[in-house]
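Trainee: I've just opened this one and could use a guided look. Can we go through it together?

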Amino acid sequence: MIRSQRWKGAAFTVPFQLGFVFLYLLPIGYAVYQSLFLEKQSGLGLGGATTEFVGLENYSKGLSDSAFMTSILRVVLFACVQIPVMLLISLVLALLLDAVTAKAAGRFRILLLVPYMIPGVVAAIIWVNLYSPDVGPLTPIGDLFGFDWNFFAPSMVWPAIGNLLTWHGIGYNMVIIYAALQGVPRELFEAARLDGASELRIALSIKVPFVRGALVLTALLSIIQMLQIFNEPALFRNVTPQTVSDSFTPIMIIYNQAFNAANYHYAAALSVLLALILGVASFLFYRLTSRAAD
């Protein structure tokens, strides 16, 4: 009977298992398989193309591709600034929500989640129009206060994208951190107040240490998302191609190799390399944060 109940319980996971196999494992396996081949032109390039097995040649080419490696470094440096700023704002908002009544927190939580409910492409289009010096309101407001800013200039394009990503992501991260705050024993707050601790001291000494796991989770998800950034720079490129090149981010390079250059095998190798880099970065971040917590 116990074995029968176990099989019945496992049957509920069949839809997920099938989706995981067909939507994740098989595409990953196919990408690895494609990355081991290369299309080569016969003769002087006038003949038909033949697909040849080249082993790890595409991976070697990807690791020596300066544009690809530079795009990864560019995104990593950007993430080192944008992610801490976004998580700090999300943490402050979560602490403020935790300090008000549950009814008020529910109302503000919904308002702060509205940007995250907007699809990423739509959010990027909204902010591109807000940044536009022709139709957007930000340029006239800057002129009113004496700020001569151009959000599409080389020095401003990353801050502009960072502001967009922060606006879009703080609500989601805030909800995760706020949910973790609800698990903190309220008796600790009362004891701290009886000892004369201020609300700021309670937040820094009790609340923040208790939500360290949620902060690690949100940071890990943000790192994974950041290395896959595509929509925002792609839309910025439509407006300012002289500032945002087609090799601005790793995903843009993979996209161009696959759909513009029709070099699917090399694009597959770059995709696998990016996945490996994401895995290593996530593992190292988790180990470092876990060691710091211990």
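**Pockets and a buried loop residue**

Mentor: Let's start with the largest pocket, which has a volume of about 450 Å³. A pocket here is an open set of points on a 1 Å grid over the protein atoms alone, where a 1.4 Å probe fits, with protein on both sides within 12 Å along at least five of seven lines, and lining residues have an atom within 4 Å of a point. The volume is the space filled by probe spheres set on the points, which are joined across faces, edges and corners. Keep in mind that this is a predicted model, where local features need pLDDT of at least 70, side-chain atom pairs count only at pLDDT 80 or more, and totals for chains, interfaces and linings use all residues. Residues are numbered from 1 along each chain as its sequence is written, and side-chain values use heavy atoms, with hydrogens and water left out.

Trainee: How many charged residues are in the lining of the second largest pocket?

Mentor: That pocket has a volume of about 360 Å³, and α2 (14–34), α13 and α14 (264–293) each give its lining two or more residues. Asp, Glu, Lys and Arg count as charged, Ala, Val, Leu, Ile, Met, Phe, Trp, Tyr, Cys and Pro as nonpolar, and the others, Gly among them, as polar. The lining divides into 12 nonpolar and 4 polar residues, and the charged count is none.

Trainee: Is V54 buried or exposed?

Mentor: V54 sits in the loop between β2 (49–53) and α3 (57–63). Leaving aside neighbours within four places in sequence, V54 is in contact (heavy atoms within 4.5 Å) with L36, F37, L38 and K40. Buried means under 20% relative accessible area, exposed over 50%, and partly exposed in between, with a 1.4 Å probe and protein chains only. V54 has 14% relative accessibility, so V54 counts as buried.

Conventions
Helix = DSSP H or I, 4+ residues; strand = E, 2+ residues; numbered from the N terminus.
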